[in-house]
Amino acid sequence: MGLDTRAQLFNQDSLELISRQFSFTEGPAVNKKGDVYFTDQPNNKIWKYSTDGHLSLFKDSAGRANGLYFNDRGQLLACADEKNEIWLISSSGKVTVLLSNVDGKKLNGPNDLWADSKGGIYFTDPYYPRDYWTRKKQEIEGQKVYYLPPGKGKKPVVAADDVTKPNGIVGSPDGKYLYVADIERNKTYRYTIEPNGTLSAQKLIIDKGSDGMTLDNEGNIYLTGKGVFIYSPAGVLIGHIEVNEPWTANVCFGGKDRTDLFITASTAIYRLPMRTKGVD
């Protein structure tokens, strides 16, 4: 499929390197102010890039956090890969473990997550063996998408098991749809979110997988890998951001007006002004 360039959402020459001082950047997430938080997973840290351009260390000993997301209450959620947990991290860095197992079994390794307006959390649970784990095999069969309902002590439910290795995940701002990238099948699917939080009607939307993903306010879908691929809501490729790094892991919109795309790529983080706005 050829590139439909009518969109012109960005200028490639405006891609700006913020910093290259990390081992592997992941999981960018934006708070209400527009500050962007991201992880350096091998170094076990979470960093913050503020709207005034200041880069600072937010949290050390960060549970080998991977994907991050700010919920509607402004709380930072993290896929804490060290012990396969879901964390809530306060603004001062205090950790509350929201989920540590499913029926006594360790999760494979929560990877990416998205919170709905009710406070429920969708997360992907692929299996990527880590050298810092003591266990050497999966305790849960299959690699699935889970939903953790809001409320203390709630048990996670399997939201989707019709995927092979789910990775990037994001929901639409109206709460109607959830997008899930299956990195092993190299496909991205759209699900309908039911009132009880379950998912239905898996639909192949893009013939490509992704590590991380985000949406803009026009409904365009941003996938990562070799740079950033931008698809229309109908799944047509309308843009490609070249990032001269071995791997582009994830993206999110940030800045005061949510018009800057932040890109975590290998040992670096980049910023690109866009002619559209983010929704996350």
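This is a short tour of one protein chain, from the whole model down to single residues.

**Before you start**

The model is predicted, so local features are taken at pLDDT of at least 70 and side-chain atom pairs at pLDDT 80 or more, while totals for chains, interfaces and linings use all residues. Residues are numbered from 1 along each chain as its sequence is written, and side-chain values use heavy atoms, without hydrogens and water.

**The whole chain**

Show the chain as a cartoon. It has 24 strands and zero helices; both are DSSP runs numbered from the N terminus, a strand being E with at least two residues and a helix H or I with at least four. Along the principal axes, the C-alpha atoms fill a box of roughly 50 × 40 × 35 Å.

The protein chain exposes about 12100 Å², with 47% of it supplied by carbon and sulfur atoms; the areas come from the Shrake-Rupley method with a 1.4 Å probe, and for residues only the protein chains shown count as cover. Of the 280 residues, 57% are buried. Buried means under 20% relative accessible area, exposed means over 50%, and partly exposed lies in between (1.4 Å probe, protein chains only).

Colour by charge. There are 35 positive and 34 negative side chains, and the centres of the two sets lie 4 Å apart. Lys and Arg count as positive, Asp and Glu as negative, and His and the chain ends are not counted; each charge is placed at NZ of Lys, CZ of Arg, CG of Asp or CD of Glu.

**Aromatic rings**

Select Phe, Tyr and Trp. Rings of these residues (for Trp, the six-membered ring) pair if their centres lie within 6.5 Å, with planes under 30 degrees apart counted as stacked, over 60 as edge-to-face and the rest as tilted. The count comes to nine aromatic pairs. One of them, Tyr-49 with Phe-262, is tilted, at 5.7 Å centre to centre and 55° between the planes. This pair links distant parts of the chain, 213 residues apart: Tyr-49 is in strand 4 (residues 45-49) and Phe-262 in strand 23 (residues 260-265). Tyr-49 is buried at 9% relative accessibility, and Phe-262 is buried at 2%. Then select Phe-22, Phe-38 and Trp-47, which ring pairs link into a cluster.

Ser-266 is in the loop between strand 23 and strand 24 (268-273). Is Ser-266 buried or exposed? At 9% relative accessibility, Ser-266 counts as buried. Leaving aside neighbours within four places in sequence, its contacts (heavy atoms within 4.5 Å) are Ser-23, Phe-24, Thr-25, Glu-245, Pro-246 and Trp-247.

Move to Arg-258, in the loop between strand 22 (248-254) and strand 23. Its phi is near 60°, a positive value in a residue other than glycine. Arg-258 is buried, at 16% relative accessibility.

Asn-186, in the loop between strand 15 (177-182) and strand 16 (187-193), has a positive phi of about 60° although it is not a glycine. Asn-186 is partly exposed, at 39%.

End at Lys-105, in the loop between strand 9 (95-99) and strand 10 (113-115). Lys-105 is partly exposed at 43% relative accessibility. Not counting residues up to four places away in sequence, Lys-105 touches Glu-139 and Ile-140.
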